[in-house]
Number of protein chains: 2
Amino acid sequence: MAEGPNIVRLAALIGDNARAAALSTLMAGRALTATELADAAGVTRQTMSSHLAKLLECGLLQVGRQGKHRYFRLAGPEVAHLLESLMGMTPAAQGSQPLTGPRDQALRKARICYDHLAGELGVYVYDGMLGNGVLRQVEDGLRLTDHGQLWFRRLGIDTHRVSRVRRTFCRTCLDWSERRDHLAGALGAAFLSRIEELGWAARLEGSRVMAFSEAGERSLRSLFGGVDQEPEPPIRCVR
Amino acid sequence: MAEGPNIVRLAALIGDNARAAALSTLMAGRALTATELADAAGVTRQTMSSHLAKLLECGLLQVGRQGKHRYFRLAGPEVAHLLESLMGMTPAAQGSQPLTGPRDQALRKARICYDHLAGELGVYVYDGMLGNGVLRQVEDGLRLTDHGQLWFRRLGIDTHRVSRVRRTFCRTCLDWSERRDHLAGALGAAFLSRIEELGWAARLEGSRVMAFSEAGERSLRSLFGGVDQEPEPPIRCVR
DNA sequence: GCCATGCTTCGATCCAGGTCGAACCGACCG
DNA sequence: CGGTCGGTTCGACCTGGATCGAAGCATGGC
């Protein structure tokens, strides 16, 4: 019966409302304290404490001391990616799961996926990059073109420096709300932080929502010609 | 608190021993009856029946009638991939999870990952393909070289026909036992079924184990020069 | 030293959900 | 038809684990 490692414990761990809420909250990429996570999940401190202990024990979270606070964060991009994968799975599952609310709306529009941009604008950016020849899809992979290097430099991102980081340079990540790919990896992270730097958008406190100013969204869209272009027939869904 | 879709139910579903056992068993790629799954998981028929109903409802499984049997199978490659992802997560999690047994040994050596080859031999093949220039890694992706086309043809696989299938042609999949990549996608599936056709290995009944004959393993290794070559410094672990 | 704050541990409670026996349904066979 | 076999539904049981109140322990500030 027991084929393979104990996937069971791991999944059971995620399959609890309070813990999943905590993990979801941490998907914003920030490190948070136990109390904040407890509030976010709507449980008491002591309950959250026991949950966090379990998540730590299983290596899903990391923790760091700072003064009398303990800051919890996701253990790494793999964890974030696993969670996003799970989310990407559910709509197909639930059949017709209707849009759940207006707060959800903002989440679908633009959100943080650990360290890069996701949601409607996330895939817009990704499509735009493909359409404008910044990225090219080769077989199942992604490559930054020479033109793309210039494009990023004009935006104020040094792709060479980014590529020196010891992690996957660029890759795609399936967007659960759009069910299409968006840009992840070091390049995706760099792009998001540059957007923040430029003041086009800001993280909404205590949420994964990335709130774009009107001007910011205009600027973003102008990067790709502004007009809503459907670049090519929707490319077959990798992964 | 409820950010995103209900990942909770999905994870909770997987996080149960009986259900996980069923899913694991189905990773072999076969369709099985409720009774077989019940035996595999070590529970009674009625228990498994209720589990299967839930898995169906959530879209993780599909079912087909045939005579008085109902054959259950994984809903698709995405599900299989999700499960492998979870498995790949656990070792890092559990810290030092020792090799659990001798039956496990065979599983680590060579097993079926839904429709392609995984385990020690799986990554051996993948590394060999890279080392011999059959596949090339481009940025984060994978591409079949011209030489590779010939290589596959010599093995009796028409890569053009394979590429016409409406699904990802070739991609990598993280191996949970080896913690390295192996080949997946349509190409990976074609390779596995060709190996079976050639009689180099056979599926072990009721298990994910792929049992290689001695001659079969020799043949497989001879595809890449036979000698155990470590091709290049271990390529950085994508994903 | 004292108190406040952030967090964990302990103990008790309580309930969702996994489990199985038994009955039920439906398809196929002789 | 009855009989067998695969599968599901029902009801009852029982346990694992989530939850919270209260107490215990740190750390930091005064």
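Start with A:A11, which touches B:A11, B:I14, B:G15, B:A20 and B:L86, leaving out residues up to four places away in sequence. Contact here means that two C-beta atoms, placed from the backbone, lie within 7 Å. This is a predicted model, in which local features need pLDDT of at least 70, side-chain atom pairs count only at pLDDT 80 or more, and totals for chains, interfaces and linings use all residues. Residues are numbered from 1 along each chain as its sequence is written, while chains are lettered from A and ligands numbered from 1 in the order in which they are written.

A:A11 and B:A11 have the most contacts inside the largest nonpolar core, which has 148 residues. Such a core is a set of buried Ala, Val, Leu, Ile, Met, Phe, Trp, Tyr and Cys residues joined through C-beta atoms within 7 Å. A residue is buried if 20 or more other C-beta atoms, placed from the backbone, lie within 10 Å of its own; with 12 or fewer it is exposed, and in between it is partly exposed. In soluble globular proteins, nonpolar side chains tend to be buried together.

Next, the helix that holds A:A11. In helix α1 of chain A, residues 7-14, 7 of the 8 residues are buried, so α1(A) is largely enclosed by the rest of the structure. The buried ones are A:I7, A:V8, A:L10, A:A11, A:A12, A:L13 and A:I14. Helix α1 of chain B, also residues 7-14, is mostly covered, with 7 of its 8 residues buried. Those are B:I7, B:V8, B:L10, B:A11, B:A12, B:L13 and B:I14.

Now step back to chain A as a whole. Chain A has 11 helices and 11 strands. Both are DSSP runs numbered from the N terminus: helices are H or I with at least four residues, strands are E with at least two. Buried residues make up 45% of the 239 residues in chain A. Of the chain A contacts with a separation of 6 or more, 53% join residues 24 or more positions apart.

Move on to the helix pairs. Two packed helices are described by the angle between their axes and the distance between the axes. In chain A, α2 (residues 17-26) and α3 (residues 34-41) pack at about 115 degrees, with axes 9 Å apart. The axes are lines fitted to C-alpha atoms, for helices over the stretch in contact, and angles run from 0 to 180 degrees between N-to-C directions. The crossing of α2(A) past α3(A) is right-handed. A crossing is right-handed if the near helix is turned clockwise from the far one by less than a right angle, and left-handed if anticlockwise. Which residues of α2(A) and α3(A) meet? From α2(A) come A:A18, A:A21, A:A22 and A:T25; from α3(A), A:L37, A:A40 and A:A41. By class, this contact has 6 nonpolar, 1 polar and no charged residues. Ala, Val, Leu, Ile, Met, Phe, Trp, Tyr, Cys and Pro count as nonpolar, Asp, Glu, Lys and Arg as charged, and the others, Gly among them, as polar.

Chain B has its own pair. Helices α2(B) and α3(B) pack at about 115 degrees, with axes 9 Å apart. Their crossing is right-handed. Here B:A18, B:A21, B:A22 and B:T25 meet B:L37, B:A40 and B:A41.

Turn to the DNA. A residue is near a strand if its C-beta atom, placed from the backbone, lies within 6 Å of it. DNA strand C is surrounded by 22 residues, the closest being A:T33, A:T35, A:Q46, A:S49 and B:A18. α4(A) gives the largest share of that surface, 6 residues. By class, the surface has 5 nonpolar, 12 polar and 5 charged residues. DNA strand D also has 22 residues around it, and A:T47, B:T33, B:T35, B:Q46 and B:S49 come nearest. There the largest share, 6 residues, comes from α4(B).

Finish with two loops. A:Y114 sits between β4 (111-113) and β5 (116-118) of chain A. Its phi is positive, about 70 degrees, although A:Y114 is not a glycine. Most residues other than glycine have a negative phi. A:Y114 is buried, because 25 other C-beta atoms lie within 10 Å. B:S207 lies in the loop between β10 (201-203) and β11 (210-212) of chain B. With 18 C-beta neighbours inside 10 Å, B:S207 counts as partly exposed. The C-alpha atoms of B:S207 and B:T25 are 6.4 Å apart, though 182 residues separate the two along the chain.
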